[in-house]
Amino acid sequence: MADHHDVLTMPHDQLEELQLAGIQKTLVDCYERVEFYHKLYDEAGFNPYSLTSLADLQHVPFTTKQDLRDNYPYGMFAVPKSDVREIHMSSGTTGIATVGAYTEHDLEIWGDCFARGIQFARGGVDDICHVCYGYGLFTGGLGAHYGGIAAGCMTIPMSAGNTERQIRVLREMGSTIICCTPSYAMHIADTAIAMGLDPTRDFKLRAGIHGAEAFSDNFRRELEHKLNYHVLDVYGLTETMGPGVAIECWEQDGLHLAEDHFYAEIIDPETGKVLPDGEWGELVLTTVDRQATPVVRYRTRDITRIIPGECACGRTHRRIDRLQGRTDDMLIIRGVNVFPSQIEDVMKTFPQVASWYQIELTRKAHLDVVTLKVEVNPDFDFDQIRAIEALQRDIAGRLKTALSVGIQVRLVEPKTIARSEGKAKRVVDLREGVH
Amino acid sequence: MIEQLTVFLENSEGRLAALTRALANDDVNMTALTIAETSDYGLVRIICNDVNHAIDVLEREGFRATKTKVLAVELPNRPGALADLLEVISELDVNIEYGYCFSAAGEMAVDVLKLSGNEQTVAVASLRRAGYHLLTPEDVM
């Protein structure tokens, strides 16, 4: 791995020069190579060749998830397909995915960004990096994998699931750094304890790089207590790259943005106005040197703030605070993005149930359990339990296909789903450790 | 055939009491009640004097109720009477979805059976030919 010492501690004004040069090129590339941006800037009367300061960027129109979806599958590519080495996808409300594409250079950046997390965890060539994020279209698995390799670690591509095997490998290989969702780390810890092991002695973990879902400080402390290691929060999204956009350092005092690759703004989600450092709002990201699918002022919908001042670790890259939620109704279930409207679309195809439904999120053995409660319709002939069970199974099956997440379906009596002012409360989040 | 009232109930405290109270308040008289339960919900099956009225009452009170045609067969109150009946049905190659018994006055018992699909009508004729007395809606009024 290249020594990041210089770029991570360079004076912030130099970093800004680097960002400005990168974004100037990004704007031109987007305008000249991506029809969407060409139209967007022409219609807004914005001249992409005119950017002279980072502050000017606040006059550039936003890009949204819907824009990416509208241009599925190849519309957002700024390079020929022959230059693309890999793609990832994240799910969308209507089942149409958003696509992130990577050139060789983009993959290198990604590996480097995640490798910083391993560096922040004081890791390197002597470490064994155990990756149990899911591998596949989800960016978690391969992002951490490339990071492990870039950091020089012996990298184990476990993927998620088969917890007993995870535990065996953690013990026998002596993994020192684990990358997965925080809830899965807790599940591994609890399963190991239930098997009669003492993870603080039987595992050799030093650090965990956990992200893709929110977790509280209490949850972090419990993890650190059970696994006797140091937990670092990692942030990222497919639309801008994947995990590694920002990662906590050992200080656990905010996530350092990879500012040499991403420019961050915090905006008021209502007015779109840029907010000063320290104020909470929606994170907007611009890629500085992404080649395949650059984004300009992408609205992440994630709520955070820029932490003012410098970090005790001495690195100059600004930090975002741990996420405080979203400006839309997206749920993150087992690391997968789910919109209630996706569930609604499936429910509409079942006349046996009413449109009243409620999604209840709970945790069982630290894994998310989603229960969908739906009210039985009067014209459904529910006289036999077999009919009810078959209906529940059918709905669950259809949801699994649409969302890639297992959901338990429970039929309930009419009018038992709480309505406030005639509108049902769609989501009840009873998960511990998320807030 | 007679009509049975089926009510979908969640497994929570007091729901069955609320259901029976709602029926009582509107003068619905029950002859039989049986519960099929799962961990999350139950189906309460009721034979009562006015099914349509009962459904109106229950829907008004926020319950989900439906009616289902079932066979109600009168049997002598002696060992083997049910086995005899079930053998007749078995010979017809008809599946029984569920069933329950309730005793009527004195010598006779009544058995309620729900047969699968559209086979009930055929079974009614066969059982009558075999000498069984099937209750009509008037019998349970």
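**Figure 1. Salt bridge between D277(A) and R318(A).** In this predicted model, the side chains of D277(A) and R318(A) form a salt bridge with an N to O distance of 3.4 Å; a salt bridge is a side-chain nitrogen of Lys or Arg within 4 Å of a carboxyl oxygen of Asp or Glu. D277(A) lies in the loop between β10 (262-267) and β11 (281-287) of chain A and R318(A) in the loop between β13 and β14 of that chain, so the pair ties together parts 41 residues apart in sequence. Helices (H or I, at least four residues) and strands (E, at least two) are DSSP runs, numbered from the N terminus. D277(A) is partly exposed, with a relative accessible area of 41%, whereas R318(A) is buried at 19%. Buried denotes under 20% relative accessible area, exposed over 50%, and partly exposed the range in between (1.4 Å probe, protein chains only). Accessible areas come from the Shrake-Rupley method with a 1.4 Å probe, and for residues only the protein chains shown count as cover.

Residues are numbered from 1 along each chain as its sequence is written, while chains are lettered from A and ligands numbered from 1 in the order in which they are written. In this predicted model, local features need pLDDT of at least 70, side-chain atom pairs count only at pLDDT 80 or more, and totals for chains, interfaces and linings use all residues; side-chain values use heavy atoms, with hydrogens and water left out.

**Figure 2. Surroundings of R318(A).** The loop that carries R318(A) runs between β13 (306-307) and β14 (319-320) of chain A. The side chain of R318(A) reaches the backbone oxygen of A264(A) at 3.3 Å. This is a polar contact, a pair of N or O atoms within 3.5 Å; within protein, one must be able to donate a hydrogen and the other to accept it, and residues adjacent in sequence count only if both atoms are side-chain atoms. Leaving aside neighbours within four places in sequence, R318(A) is in contact with H12(A), L255(A), H256(A), L257(A), E259(A), A264(A), D277(A) and I306(A). Contact here means heavy atoms within 4.5 Å.

**Figure 3. Salt bridge between D190(A) and K226(A).** The side chains of D190(A) and K226(A) meet at 2.8 Å, N to O. D190(A) is partly exposed, at 22% relative accessibility; K226(A) is buried, with a relative accessible area of 17%. Over all chains, the structure holds 37 salt bridges.

**Figure 4. Salt bridge between R322(A) and E248(A).** In this pair, the N to O distance between the side chains of R322(A) and E248(A) is 4.0 Å. R322(A) is buried at 11% relative accessibility, and E248(A) is buried at 0%.

**Figure 5. Interface of chain A and chain B.** The contact takes 18 residues from chain A and 23 residues from chain B. The two chains bury about 1,800 Å² between them, 54% of it on carbon and sulfur atoms; buried area is the accessible area (1.4 Å probe) that two parts lose on being put together, summed over both. In chain A, F382(A), D383(A) and E413(A) lose the most area to chain B, together 39% of what that side buries. Between the chains there are four salt bridges and eight residue pairs in polar contact, both residues at pLDDT 80 or more. Helix α12 (385-403) and strand β19 (408-412) of chain A each supply at least two residues of the side that touches chain B, and α12(A) gives the most, with five residues. A salt bridge joins the side chains of E10(B) and R410(A) (3.9 Å, N to O).

**Figure 6. Nonpolar surface patch of chain B.** L16(B), M30(B), L33(B) and I35(B) form a nonpolar patch on the surface, with about 290 Å² of accessible area together. Patches are made of residues with over 30% relative accessible area and no salt bridge, like charges being joined within 9 Å and nonpolar side chains (Val, Leu, Ile, Met, Phe, Trp, Tyr) within 5 Å. Strand β2 (residues 30-37) of chain B contributes the largest share, three residues. L16(B) is found in helix α1 (residues 15-25) of chain B and is partly exposed, with a relative accessible area of 32%.
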